Amino acid sequence: MRFCTVLAVVFLASTICISTASAQVPFTIGDHTWPSQQAFIESGARCGTAELDPTVQDLIQYILRNNPIVPQVTGGTINVYWHVINKGTGVSNGDITAQMINDQIAVLNSAYASTGWSFQLANVDRTTNVQWFNLLEGSDAEVQMKTTLRQGSADDLNIYTANLANGLLGWATFPSSYTSQPKMDGVAILFSSVPGGTATPYNLGDTATHEIGHWMGLYHTFQGACRAPGDSVDDTPYERSSAFGCPANRNTCPDLPGVDPIHNFMDYTDDACMNTFTPGQDQRMDQMFTSFRFGK
């Protein structure tokens with residue numbers, strides 16, 4: 001793989017979904033139905049990535065501030081090992097096509113283009129296993145699946161597509177978790193969330209964009225609500241709660257600068273609404289990758 005570097009000392013300057021209305025109609029993702037899209041967002045099923053313990057967050061901040069790294073990785077090409085988990089042949093059974101995978105890689109490369117990071121397929125494997133297909137986060141099945149299939153090192157991305165349990169769209173591990181649990185590192189996404197899938201309005205590929213943002217070290221834009229340090233990125237406005245749909249001019253922290261960052265890939269809005277990583281998020285991804293993934 002190729003990585004870009006710049007000779008510089010890294011110092012971090014404080015860097016580490018609900019819209020106003022929604023039609024109350026049943027909302028289905030995969031095999032799970034909620035009373036409404038708002039209920040889906042409020043359940044947290046848009047993303048199953050758990051927030052890091054505050055002590056761990058503080059430790060990450062300390063490392064980024066006090067361990068200058070020369071050179072800093074500022075971009076590069078990340079190898080992707082894609083694991084298709086299915087319960088049989090056909091897209092409806094999770095056996096997504098090569099075209100759908102290629103289209104997802106194209107979505108990622110477009111989303112991350114401004115950051116200097118890109119993604120290339122290193123390998124695709126396919127596994128028929130009903131227990132792994134109906135994947136429960138944190139389960140023995142997830143441990144078995146990842147222990148069996150994961151490839152590469154800390155700076156290689158492993159993506160698992162399956163029929164995630166509890167209606168989740170995806171989850172990811174943070175860079176700081178690699179050292180303690182290297183085999184669990186990676187991203188899991190609902191198979192029908194890739195481009196051409198059926199998980200409308202989350203079927204344009206930005207579930208993977210969002211989860212890989214976590215894998216690169218980003219938090220949700222609404223982390224911490226209206227309280228510092230928020231998502232630990234200076235140029236993302238504070239946001240009290242996650243957004244859904246595409247609620248223009250939403251402002252849940254009116255006493256603080258800026259309106260809610262509903263177009264940011266790290267919010268919970270519809271895929272068609274997401275189109276932005278900020279320069280501060282780019283900087284954080286570079287720092288996290290350098291500190292916790294590069295050469296590990």
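Residues are numbered from 1 along each chain as its sequence is written, and side-chain values use heavy atoms, with hydrogens and water left out. Because the model is predicted, local features need pLDDT of at least 70 and side-chain atom pairs count only at pLDDT 80 or more, whereas totals for chains, interfaces and linings use all residues.

The chain has an average pLDDT of 90, and 91% of the residues score at least 70; pLDDT is the predictor's confidence in each residue, from 0 to 100. Over residues 5–22 pLDDT stays under 50, although the model has 72 contacts beyond four places in sequence for them (contact means heavy atoms within 4.5 Å). Where pLDDT is low, the predicted coordinates should not be read in detail.

The structure contains 12 aromatic pairs. Rings of Phe, Tyr and Trp (its six-membered ring) pair if their centres lie within 6.5 Å; planes under 30 degrees apart count as stacked, over 60 as edge-to-face and the rest as tilted. The ring centres of Phe 27 and Phe 40 are 5.2 Å apart and their planes stand at 45 degrees, so this pair is tilted. Phe 27 belongs to strand E2 (residues 27–29) and Phe 40 to helix H1 (residues 37–43), 13 residues apart; helices (H or I, at least four residues) and strands (E, at least two) are DSSP runs, numbered from the N terminus.

Trp 117 is in strand E5 (residues 117–128) and Phe 289 in helix H7 (residues 279–292), so the pair ties together parts 172 residues apart in sequence. Both Trp 117 and Phe 289 are buried.

The charged end of Arg 293 sits over the ring of Trp 215, 3.8 Å from its centre (NZ of Lys or CZ of Arg within 6 Å of the ring centre and within 35 degrees of the ring normal).

The largest nonpolar core has 60 residues, and those touching the most other members include Phe 40 and Leu 157. Such a core is a set of buried Ala, Val, Leu, Ile, Met, Phe, Trp, Tyr and Cys residues joined through side-chain atoms within 4.5 Å. Its largest share, 6 residues, comes from strand E4 (residues 72–86).

Notes:
Buried < 20%, exposed > 50% of the residue type's maximum accessible area, 1.4 Å probe, protein only.
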